[in-house]
Amino acid sequence: MRVTMIGAGYVGLVSGACFADFGHEVVCVDKDERKIRKLEAGVMPIYEPGLESLVAENVKAGRLSFSLDLAASAPSADAVFIAVGTPSRRGDGFADLSYVYQAAEEIAQVIDGYTVVVTKSTVPVGTGAEVEEIIRKTNSAADFSVVSNPEFLREGAAINDFKRPDRVVVGAEDERAQKVMRELYRPLFINETPIVFTNRATSELIKYAANAFLATKITFINEMSDLCEKVGANVQEVARGIGLDGRIGAKFLHAGPGYGGSCFPKDTLALVRTAQTHDAPTKIVEAVVDINDARKKSMADRVIAACGGSLEGKTIAALGLTFKPNTDDMRDSPSLDIVPALQKAGAKVRAFDPAGMDEAAELLSDIEYTEGPYQTLEGADAVVIITEWDEFRALDVDRMKSLLKAPIMVDLRNIYDPQEMVEKGVEYHSIGRPA
Ligand code: UDX
């Protein structure tokens, strides 16, 4: 089938490359000329394991191309996907839909013959109906259906998530559109991936409900970890003990510094606002948003406490800056709260992140960046692990101790064993676990 993907950002690029790999003919369209030129030259605008080779293979096979011009590919497309950004609107937290609506208008001007217009961007309930309205108003002769098909890709694992998803959700109002969507995802049918066909509004809500539920699960275990610290319990064992209950499940029960990233913070807030607008407030999600914000802000206090109550004149080594490993994404990363708070408390911050330092340099100031974890530790008064990159999981503890002024480690991701660290002479502080 022929697919046009509007938006060569994270979702558009991964989805486009994967659809091409399924055998479809895909054109990714973006207005950012630099991005398109880079993609044409084989340079990825984002860090995502496996993406570069997937793109290269499919470009070589002639199934994937990039363009600035929507009119060149959309008229012959069976499906046009809208995969543009829906950032939080400044000031009120509602999703900003201006890029989605603009894409809808542009699609209306160029489609020719029956076309399924698919919203892949995360959009509030009712957006599909609005997109349909815009297209109809702009081009009354257009023959089209508007479908919702949310993505559930995790950064760092996006290709696998696309090709081996737990489920695909399709919100379509008519049989014709369903048929096109079924054909697009046919390779997954063969793998017996459950495909949830539903109406558009339900599909739109599923996406927000899924992200809000996962954010709630994380926040729940984070609160449990605080309680564990007070009562001498171990949050990892609590998570295992409850996670083995099939009704609860073990995933997304890792206590940490609070969730960040491009989806959970923005989508929880957008759901809260939509629910308030419809007079059906989601009080649980409202609490989750507040608790998570406060949690991220409070993490620096743990470092200050570990250093005896003051950071004046001290140097802190920060390992990891991105909101999670295997990405260069800094959006809403806990480090954006932690680093400035450490600096405000008087510390000099030295940091290393395997992929996020360029991004970080735009968002944080006065950090001394280093070339590796050990360089970061040299002469520092304490080390804080903010992101659980694999290369931080097996540091040579003796070497670490010889480099640090004092053997103080604050592990916000629980990647070391408390007892082992104490035995090796480290003043070890983690989340929700007795030392
Ligand atoms: C998320 C959803 O998982 C994905 O389905 C959706 O499409 C987009 O949002 P992503 O933001 O890439 O994906 O990352 P994810 O792995 O879900 O982690 C989000 C945040 O939660 C990270 O900051 C991570 O560190 C944190 N997290 C996750 C925890 O603190 N504990 C956990 O147990 C899991």
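Residues are numbered from 1 along each chain as its sequence is written, and side-chain values use heavy atoms, with hydrogens and water left out. Because the model is predicted, local features need pLDDT of at least 70 and side-chain atom pairs count only at pLDDT 80 or more, whereas totals for chains, interfaces and linings use all residues.

## Two helix contacts

Helices (DSSP runs of H or I, at least four residues) and strands (runs of E, at least two) are numbered from the N terminus. Their axes are lines fitted to C-alpha atoms, for helices over the stretch in contact, and angles run from 0 to 180 degrees between N-to-C directions.

Helix 13, residues 283-306, and helix 14, residues 335-344, have axes that come within 8 Å and cross at roughly 45°. The two are therefore oblique to each other, a word for angles that are not under 35 degrees (roughly parallel), over 145 (roughly antiparallel) or 65 to 115 (roughly perpendicular). On the side of helix 13 the contact (heavy atoms within 4.5 Å) is made by K296, K297, M299, A300 and V303, and on the side of helix 14 by D337, I338, A341 and L342. By class, this contact of helix 13 with helix 14 has six nonpolar residues, three charged ones and no polar ones; here Ala, Val, Leu, Ile, Met, Phe, Trp, Tyr, Cys and Pro count as nonpolar, Asp, Glu, Lys and Arg as charged, and the others, Gly among them, as polar.

Helix 1 (residues 10-21) packs with helix 3 (residues 51-60) at an angle of about 45°, their axes being 9 Å apart. Helix 1 and helix 3 are likewise oblique to each other, but their crossing is left-handed. In this contact L13, V14, A17, C18, A20 and D21 of helix 1 meet L51, L54, V55, E57 and N58 of helix 3, and these residues divide into eight nonpolar, one polar and two charged.

## Residues of helix 14 and the cysteines

S335 and K344 both have their place in helix 14. S335 is in contact with L321, M330, P340, L364 and I386, when its neighbours within four places in sequence are left aside. The C-alpha atom of K344 is separated by 9.0 Å from that of L311, which lies 33 residues apart from K344 along the chain.

A disulfide is a covalent bond between the sulfur atoms of two cysteines. Searching the whole structure for such pairs gives zero disulfides, the cut-off being sulfur atoms within 2.5 Å.

The table gives relative accessible areas, where buried means under 20%, exposed over 50% and partly exposed in between (1.4 Å probe, protein chains only).

| Residue | Relative accessible area | Class |
|---|---|---|
| C228 | 5% | buried |
| C307 | 10% | buried |
| S335 | 0% | buried |
| K344 | 77% | exposed |
| F252 | 27% | partly exposed |
| N326 | 34% | partly exposed |

## Positive phi values in loops

F252, in the loop between helix 11 (235-243) and helix 12 (264-277), has a phi near 60°, a positive value in a residue other than glycine. N326, in the loop between strand 9 (315-319) and helix 14, has a phi near 65°, which is also positive in a residue other than glycine.

Conventions
A crossing is left-handed if the near helix is turned anticlockwise from the far one by less than a right angle, and right-handed if clockwise.
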